[in-house]
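Subject: Structure handover and findings

Dear colleague,

Please find below the structure that I am handing over to you.

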Amino acid sequence: MTYENIIVERRDGVGLITLNRPEALNALSCPLLRDLAQALDDLESDNQIGAIVLTGSEKAFAAGADIKEMQEQTWPDLYVANYMTVDGDRMSRSRKPVIAAVSGYALGGGCELAMMCDFILASESAKFGQPEVTLGITPGLGGSQRLTRFVGKSKAMEMCLTGRMMDAEEAERTGLVSRIIPGDGLVDEAMKTATKIAAMSTPVTMMIKEAVNRSYEVTLSEGVRFERVMFQAAFGTEDQSEGMAAFVEKRKPVFKNR
């Protein structure tokens, strides 16, 4: 399928999605979010794909939402259309693991999109922020909620109230970023990591993702109970038998994703 605002590639069991609005620093417009939602649907339905990488350009992962698109909107317009909600939240509903590979600006909607992914790998040039307050609006794609869960109330409150940007080093130190990748090897490292995930049992990686995400929604005891159900369910897969047999036989497992 051809997309107008993104580029989609498939490599070694990994789907690579590149945001591609260079003239607007990959600002998130409704057409771009529709393309992204469709690409995620396609990749999730592809049994050959076990993980996804989302990236932008060296200058900007995504520098925010498209202000020109929003400027003339009114509250009734946004409310009735449920503006950006369905397609904008699609990433958070992905069942397959998604890695954000962030260089340059990840601001506003761009920061929110990166936080919807399962973890973030960042280059040294990455800058994160929720600068909506400088436009007279609030975060709208979960920034006030996800950023707080990542970095804590004090730092999230400061960033959302002042619009201050966080560099890659601070983002890694506070837990927003998993790792900083030096130089221009960011996408290669993200693809290498995603390829490793894709080589695992897809049902099991989906179970792990669901279990980790559940920890944000429930109490510890409920989360552990859910994890235990996933652990037991894994023993109903062929991949569990293969993985343990390969360990005993000292060979590399060949998972069949069932």
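L135 is placed in the loop that runs between β8 (127–129) and α6. In this predicted model, L135 has a relative accessible area of 48% and is therefore partly exposed. Together with I67 and I137, L135 forms a nonpolar patch on the surface. The accessible area of I67, L135 and I137 together is about 250 Å².

Pockets

The largest pocket has a volume of about 1300 Å³. Its lining consists of 50 residues, and those nearest the centre of the pocket are I208, K209, E210, V212 and N213. Several elements each contribute at least two residues to this lining: the strands β5 (98–102) and β7 (119–123), and the helices α5 (109–116), α6 (143–151), α10 (202–214), α11 (220–234) and α12 (238–248). Which element gives the most to the lining of the largest pocket? That element is α10, with eleven residues. Sorted by class, the lining of the largest pocket comprises 27 nonpolar residues, twelve polar residues and eleven charged residues.

The second largest pocket has a volume of about 750 Å³. It is lined by 28 residues, of which M70, Y83, I137, T138 and G140 are the closest to its centre. At least two lining residues come from each of α2 (67–70), α3 (75–81) and α5. The largest share of this lining is that of α3, which supplies three residues. In the lining of the second largest pocket, 15 residues are nonpolar, ten are polar and three are charged.

Salt bridges

Side chains of opposite charge can pair when their charged atoms come close. A search of the whole structure finds 16 salt bridges, and three of them are set out here.

R10, by contrast, is partly exposed, with a relative accessible area of 46%.

Another salt bridge is formed by the side chains of E170 and K155, at 2.8 Å from N to O. This pair links distant parts of the chain, since E170 belongs to helix α8 (residues 168–174) and K155 to helix α7 (residues 153–162), 15 residues apart. E170 is buried, with a relative accessible area of 9%. K155 counts as partly exposed, at 22% relative accessibility.

The side chains of R164 and E158 also meet in a salt bridge, at 3.0 Å from N to O. R164 counts as partly exposed at 27% relative accessibility, and E158 is partly exposed with a relative accessible area of 34%. Through salt bridges that share partners, K155, E158, R164 and E170 are joined into one network.

A pair separated in sequence

V151 is a residue of helix α6. With a relative accessible area of 13%, V151 is buried. V151 and R173 are 22 residues apart in sequence, and their C-alpha atoms are 9.2 Å apart in space.

Backbone angles

Most residues other than glycine have a negative phi. Which residues have a positive phi of about 60° although they are not glycines? N26 is one of them, and N257 is another. N26 lies in the loop between β2 (14–19) and α1, and at 2% relative accessibility N26 counts as buried. N257 lies in the segment after α12, and at 32% relative accessibility N257 counts as partly exposed.

Yours sincerely

Terms used: Residues numbered from 1 in each chain as written. Predicted model: local features only at pLDDT ≥ 70, side-chain atom pairs only at ≥ 80, totals over all residues. Heavy atoms only, no water. 1 Å grid on protein atoms, 1.4 Å probe; cavity = no way out; pocket = protein on both sides within 12 Å on 5 of 7 lines; lining within 4 Å. Points joined across faces, edges and corners; volume = space filled by probe spheres on them. Helix = DSSP H or I, 4+ residues; strand = E, 2+ residues; numbered from the N terminus. Nonpolar A, V, L, I, M, F, W, Y, C, P; charged D, E, K, R; others polar. Patch = residues over 30% accessible without salt bridge, like charges linked within 9 Å, V, L, I, M, F, W, Y side chains within 5 Å. Areas by Shrake-Rupley, 256 points an atom, 1.4 Å probe, with all protein chains shown as cover. Salt bridge = Lys/Arg side-chain N within 4 Å of Asp/Glu carboxyl O. Buried < 20%, exposed > 50% of the residue type's maximum accessible area, 1.4 Å probe, protein only.
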